[in-house]
Amino acid sequence: MRRRGAVALAAALPLLAVSCQSLSDLVGDSSIRPSNSPVIAENVRSGKLARVGAAQHPKILATYGGEYSNAKLERMVAGIVGKLVTVSDNPSQVYQITILNSPNVNAFALPGGYLYITRGLLALANDTAELAAVIAHEMGHVTANHGILRQQKEAEVELASRVVSDVLSDKDAGRRALVRGKLRLAQFSRNQELQADAIGIAAIGEAGFDPYAAADFQKTMGAYMDFRNQAGDGDTSLDFLATHPSTPQRIELAIGHARNFGGRGERSRDRESYLAGIDGMLFGDSPEEGYVRGQTYAHAELGISFTFPDEFDIDNRADAVLGARASDNAAIRFDGVSVPSRQSLTTYIASGWVEGLDPTSVQALRINGLQAATARASADQWDFDITVVRAGNSVYRILTAMPRGSASLGPLAQSVRNSFRKLSTSEKRSLKPLTLRIVKAGPGESDRTLAARMRGVSRPLELFRVLNGMSSGETVKPGQSYKVVRD
């Protein structure tokens with residue numbers, strides 16, 4: 001957890017780079033010198049498209065936790081991009097690849113050649129060809145100028161919306177016009193994705209990768225979405241499927257494009273090399289975000305911990321830790337803010353940031369030796385219990401919500417706030433991030449025995465099968481490498 005609502009932490013990490021011999025070493029002529037005005041990315045990337053991408057780049061980093069620095073991964077990704085550029089329709093296009101330090105599964109492109117891949121997506125891919133398919137798809141967006149075209153289309157729809165709202169007196173006709181505009185934009189986006197699919201699959205086939213990898217990764221994405229939905233996590237706003245929906249029709253179209261290059265298994269997948277590249281990669285929450293282990297959230301740097309009650313599905317986001325329980329529609333939000341040390345917590349809780357606050361309910365108390373205050377509020381169809389706790393230099397907020405009139409709100413909120421505490425030195429030291437580890441299946445091993453090696457995750461067997469792209473009925477093969485999550 002970054003200082004929720006107070007301080008945003010982001011790591012500024014280097015661009016992809018590879019080392020090479022000096023020019024004189026290669027040609028054996030010491031009189032040859034590098035150019036005083038070399039052609040480099042920043043020189044080539046200029047003009048309107050570059051400015052659009054450059055302006056958005058810092059925002060992308062802030063949204064996705066900064067860059068993830070891993071030299072082994074960077075070399076692997078750079079090698080894939082190099083092969084794809086050689087077969088591109090625009091080989092002069094300069095690309096800047098950024099691996100984002102986010103567990104979300106996503107990849108996208110900005111105008112000017114800015115490409116982004118999250119470590120969450122790297123964890124889900126199972127071979128070099130699948131990653132190449134994702135990268136080639138995003139390069140296809142750049143090649144086709146989809147970013148600029150979409151901006152233009154969005155501007156057209158927005159202009160039409162203003163005209164409808166300002167001019168048309170027939171509200172029903174206005175609403176129909178707005179719906180038509182949104183449908184046209186949705187169809188436009190779908191056509192862009194299908195066009196990028198076609199460009200990408202052709203590129204990986206020409207570059208020597210197995211073109212069927214594109215359809216295989218789409219199937220894995222579908223399994224990942226099902227896994228997320230079963231956990232009650234329907235928010236995919238930062239995930240690949242939010243803009244790249246995997247449908248049976250799209251998968252079939254991808255297979256059709258792949259058939260242009262022959263049958264399955266005729267081109268490279270390079271599973272072992274890819275898995276070696278991601279071995280040891282951070283998985284799930286980063287130290288900056290804090291960790292969710294079972295029902296408990298803990299942050300070593302901030303030195304705090306608290307526990308969600310049973311049956312709560314937990315989502316550790318950049319701006320807050322959220323919990324939801326489907327059985328009674330209960331919800332919990334935890335974040336942090338900066339409050340002057342001289343301001344009392346009762347004054348802060350009544351300072352206007354809580355809608356529907358009952359001022360008579362505000363009271364001071366102590367929670368596990370820490371200064372705190374609580375209050376009640378009601379808004380719409382919800383009742384809220386608000387708790388604020390001062391720990392160190394920060395104030396943390398716990399908002400518990402239940403449907404209006406529920407008698408369970410008080411006991412639920414009390415159990416959550418009473419679990420908030422400071423971590424001991426040994427507890428802070430023991431908190432470690434999860435990583436992906438690559439293991440070889442031994443004779444007689446199964447998905448269950450390998451999933452039993454997983455640590456720090458819920459539903460390990462299901463997650464093991466999703467992470468390893470295992471289809472229904474597929475069994476573990478002795479001697480083959482598989483991904484497991486370890487602490």
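This is a predicted model: local features need pLDDT of at least 70, side-chain atom pairs count only at pLDDT 80 or more; totals for chains, interfaces and linings use all residues.

Trainee: Why is H6 called roughly perpendicular to H9?

Mentor: The axes of helix H6 (residues 128-143) and helix H9 (residues 213-230) cross at roughly 90° and come within 8 Å. Angles of 65 to 115 degrees count as roughly perpendicular, so H6 is roughly perpendicular to H9.

Trainee: Which residues make the contact of H6 and H9?

Mentor: Contact means heavy atoms within 4.5 Å. Ala129, Glu130, Ala133 and Val134 of H6 make the contact with Ala213, Ala214, Asp216 and Phe217 of H9.

Trainee: What makes the pair of Phe306 and Phe308 tilted?

Mentor: Rings of Phe, Tyr and Trp (its six-membered ring) pair if their centres lie within 6.5 Å; planes under 30 degrees apart count as stacked, over 60 as edge-to-face and the rest as tilted. The centres of Phe306 and Phe308 are 5.1 Å apart and their planes stand at 50°, so the pair is tilted.

Trainee: Why is the pair of Phe334 and Tyr396 called stacked?

Mentor: Their ring centres lie 5.7 Å apart with the planes at 5°, so this pair is stacked. Phe334 belongs to strand S10 (residues 330-337) and Tyr396 to strand S14 (residues 394-403), so the pair ties together parts that are 62 residues apart in sequence.

Trainee: How do you know that Phe334 and Tyr396 are buried?

Mentor: Buried means under 20% relative accessible area (1.4 Å probe, protein chains only), exposed over 50% and partly exposed in between. Phe334 has 0% and Tyr396 has 2%, so both count as buried. Phe306, at 0%, is buried as well.

Trainee: What places the charged end of Arg397 over the ring of Trp353?

Mentor: A charge sits over a ring if NZ of Lys or CZ of Arg is within 6 Å of the ring centre and within 35 degrees of the ring normal. The charged end of Arg397 is 4.7 Å from the centre of the Trp353 ring and sits over it. Arg119 likewise lies over the face of Tyr68, at 5.9 Å from the ring centre.

Technical notes:
Residues are numbered from 1 along each chain as its sequence is written. Side-chain values use heavy atoms; hydrogens and water are left out. Axes are lines fitted to C-alpha atoms, for helices over the stretch in contact, and angles run from 0 to 180 degrees between N-to-C directions. Helices (H or I, at least four residues) and strands (E, at least two) are DSSP runs, numbered from the N terminus. Angles under 35 degrees count as roughly parallel, over 145 as roughly antiparallel, 65 to 115 as roughly perpendicular and the rest as oblique.
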